[in-house]
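The following questions and answers concern a predicted model.

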Amino acid sequence: MLTRRTFFATLVVAFLLPKAVAAQEIRVAAAADLQFAMQDVAAQFEKQSGTKVNVTYGSSGNFFSQLQNGAPFDLFFSADIDYPRKLEAAGFAEPGTIYEYAVGRVAIWTPADAKVDVTRLGWKTLLDPSVQKISIANPEHAPYGRAAVAALQRAGIYEQVKAKLVYGENISQAAQFVQSGNAQAGIVALSLAVSPGMKDGKRWEIPADMHPPIEQAAILLKAAKNKDAARAFLEFVKSATGRATLASYGFTFPVAVAAPSTSPNK
C-alpha cells in the first residue's frame, strides 16, 4: 500500500511540475536599447522573486507587428510609447497598464582608436573624411533611427552625410556595425554606449532638444500567460531599485517620475 501511495504521489508531482515551472517564467519583448539595462533589472527581480524573466530583444516596430499577430509575450517594453498605445486601442493589451518607464538618449560613438575625437568635435566628427560610414537604426521601425535622422536634420548636416548612412535592423545592430569596424561612427542609444562592451570608446551625447523625445513605455499584453508575475515585474521596474538601474545606463525619466540621482558611469 505504501508503494502504491508513493507511486500515485509521484504521478501527481510529475503532472503538476510543468505547470509550476511555467508559472515561474514571464516572457518579455524589449526594445534593443534595453539589452544591458534589462539584463540587470531582470537579474535583480529574479533574485528577489524567483520568477524567471525570459527577454527577447528587437526593434519596437517589428515587435508591434508581431504582437498584433499573436506573438507569445507577457510584457512589451517599447522604445516608442505610440506602439503600446496602439496595442491598447486595438485590444491587444490590458487597459490602463501603460507605464512610461524612461526617456532615451542618443550619442555619437566611435572606437577608442578613432582618428577623429568625437568628444571634442561633436557633429563635425561625422563630416571628417576618415568617417566613411555612419551607422544608425533603421528609421522605418526603430525610434532611435528616427531620432538620429531628426538630430542630423536639426544640426543641418543630414544632406551632407546621408550617403554615409548604413542602417541596422535595430539600435543594437547599429552599434555592432560601428564596433566591428563596418562603420567608423554610429548614432546609438546612450544606454548601449555606456554598456560594458562600448564604454571604453569615445562618445558625445547629442543634446536632448535636437530631436523629439524618445518616450519609452511598457504594457501588459492581453494574451499574457502569467499576468500576476508580469504585473509584479512591471512594479519592480517602477520601484526605486528598477529606476536606479535604468538611470545608471543613461536613461532619464518623464517629469511625472522622479529620477534617481545616478550618472551613466557603468
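Q: At the start of H8, which backbone nitrogen does a side-chain oxygen of Asn170 reach?
A: In this predicted model, the contact at the start of H8 is made by a side-chain oxygen of Asn170. That oxygen comes to within 3.0 Å of a backbone nitrogen, which belongs to Ser172.

Q: Where around the axis of H8 do its buried residues lie, on the same side or on opposite sides?
A: Helix H8 spans residues 171–180, and its buried residues are Ile171, Ser172, Ala174, Ala175 and Val178. Because they cover an arc of only 160° around the axis, they lie on the same side of H8.

Q: Which residues have the most contacts inside the largest nonpolar core?
A: The largest nonpolar core comprises 73 residues. A second, separate core has twelve residues, including Ala29 and Leu67. Within the largest core, the residues with the most contacts are Phe77, Trp123, Leu126, Ile187 and Phe233.

Q: Is Ser49 buried, partly exposed or exposed?
A: Ser49 belongs to helix H2, residues 35–49. Its relative accessible area is 33%. Buried requires under 20% and exposed over 50%, so the value of 33% makes Ser49 partly exposed.

Q: What is the distance from the side chain of Ser49 to the backbone nitrogen of Thr51?
A: A polar atom of the Ser49 side chain lies 2.8 Å from the backbone oxygen of Phe45. The side chain of Ser49 also reaches the backbone nitrogen of Thr51, at a distance of 3.1 Å.

Notes
Residues are numbered from 1 along each chain as its sequence is written. This is a predicted model: local features need pLDDT of at least 70, side-chain atom pairs count only at pLDDT 80 or more; totals for chains, interfaces and linings use all residues. Side-chain values use heavy atoms; hydrogens and water are left out. Buried means under 20% relative accessible area, exposed over 50%, partly exposed in between (1.4 Å probe, protein chains only). Helices (H or I, at least four residues) and strands (E, at least two) are DSSP runs, numbered from the N terminus. The arc is that of the directions from the helix axis to the C-beta atoms. A polar contact is a pair of N or O atoms within 3.5 Å; within protein, one must be able to donate a hydrogen and the other to accept it, and residues adjacent in sequence count only if both atoms are side-chain atoms. A nonpolar core is a set of buried Ala, Val, Leu, Ile, Met, Phe, Trp, Tyr and Cys residues joined through side-chain atoms within 4.5 Å.
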